[in-house]
Amino acid sequence: MSKNICKYLIFTFAITYLFWGFDIVLSKLGLYEHPAYNIGIIFYIIAACAPAITVYILKQKESDKRGIRSFFKYIFKFNNLFLEILLLGIVLVIRFGIPFLFGDISIIGNWWHVTIFTPVMLLFGGFEEVGWRGYLQPKLERKFGFVIAILINWAIWIVWHIPLCFIKGTYQYSGNYLWFAVSLLGSAFSLAALNKVKGSIMPCIIFHAFGNAIVSYGISINEGTGMIISICIQIIFAICVFNLCNRKNCRVLA
């Protein structure tokens with residue numbers, strides 16, 4: 001792998017494991033259960049935003065991309081608003097609509113909670129995408145191709161989440177981590193497809209933040225046929241988007 005990919009992975013894992021490590025210690029001492037509003041939540045946010053923090057650090061070496069203003073401009077933009085919002089809607093329907101059709105969901109909250117907490121989830125997952133899809137995915141694609149790059153990114157993503165298994169209150173602590181890892185596969189393909197179309201990272205950030213808000217405050221997706229079919233369709237859809245982009249040359253590389 002290239003030097004930049006190695007730097008990204010080293011910095012991201014170091015920051016994440018350090019601060020989620022603090023939360024693990026606090027959790028074992030009975031001082032933090034996610035999302036308790038004490039110092040533990042600050043550690044959690046720093047760890048969750050580590051991919052974005054790392055990208056910001058690495059971009060400071062590029063003279064035309066230095067500074068927080070340039071970084072925010074890179075994040076908060078759409079290259080084709082209508083097309084990217086349309087695709088975002090499609091992948092969200094595939095991700096959550098298919099399990100709903102199969103009756104593989106349980107209502108755990110209210111939809112107004114989802115609306116309120118979606119912006120909050122930018123700090124609890126959304127900004128991960130600056131690193132995973134905005135930075136790492138394109139670099140892996142240049143070396144390994146679209147599908148293999150997604151699978152490598154997915155495997156890294158699974159390992160990156162492991163500390164959450166030891167923090168009380170997280171889904172990974174009380175849930176089935178193997179099922180969680182499988183569900184990430186569909187998301188990895190959908191997110192790569194969203195970023196592939198026009199090179200914007202914002203649709204990926206919204207997908208991740210909105211998805212986290214839904215499963216945290218709206219519905220619980222059960223292990224079942226609906227979710228497996230959803231994952232398969234997300235994979236097929238992403239590959240179709242990739243082939244279309246290759247024909248139309250619509251990808252704008254970051």
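This report describes the overall build of a predicted model, then its salt bridges and one of its helices.

Because the model is predicted, local features need pLDDT of at least 70 and side-chain atom pairs count only at pLDDT 80 or more, while totals for chains, interfaces and linings use all residues. Residues are numbered from 1 along each chain as its sequence is written, and side-chain values use heavy atoms, with hydrogens and water left out.

**Overall build**

The protein chain holds 12 helices and two strands, where helices (H or I, at least four residues) and strands (E, at least two) are DSSP runs numbered from the N terminus. Along the sequence their order is α-α-α-α-α-β-α-α-α-α-α-α-β-α. The C-alpha trace spans about 55 × 45 × 30 Å along its principal axes. Of the 254 residues in the protein chain, 50% are buried, a term that stands for under 20% relative accessible area with a 1.4 Å probe, protein chains only. Among contacts (heavy atoms within 4.5 Å) between residues at least 6 apart in sequence, 80% join residues at least 24 apart.

**Salt bridges**

Side chains of opposite charge can pair when their charged atoms come close. A search of the whole structure finds two salt bridges, each being a side-chain nitrogen of Lys or Arg within 4 Å of a carboxyl oxygen of Asp or Glu.

| Pair | Closest N and O atoms |
|---|---|
| Arg133 and Glu129 | 2.7 Å |
| Glu141 and Lys196 | 2.7 Å |

Arg133 and Glu129 both belong to helix α7 (residues 129-144), where they lie four residues apart, about one turn of the helix, and both of these residues are buried. Glu141 and Lys196 form a salt bridge that links distant parts of the chain, with Glu141 in helix α7 and Lys196 in helix α10 (residues 177-198), 55 residues apart. Glu141 and Lys196 are likewise buried.

**Helix α10**

At the start of α10, a side-chain oxygen of Asn176 comes to within 3.0 Å of the backbone nitrogen of Leu178. The 22 residues of α10 should span 32 Å at 1.5 Å a residue, and its end C-alpha atoms are 33 Å apart, which agrees; the expected span is 1.5 Å times one less than the number of residues. Because 19 of the 22 residues of α10 are buried, this helix is largely enclosed by the rest of the structure. Just after α10, Gly199 has a positive phi of about 80 degrees.

Conventions
A polar contact is a pair of N or O atoms within 3.5 Å; within protein, one must be able to donate a hydrogen and the other to accept it, and residues adjacent in sequence count only if both atoms are side-chain atoms.
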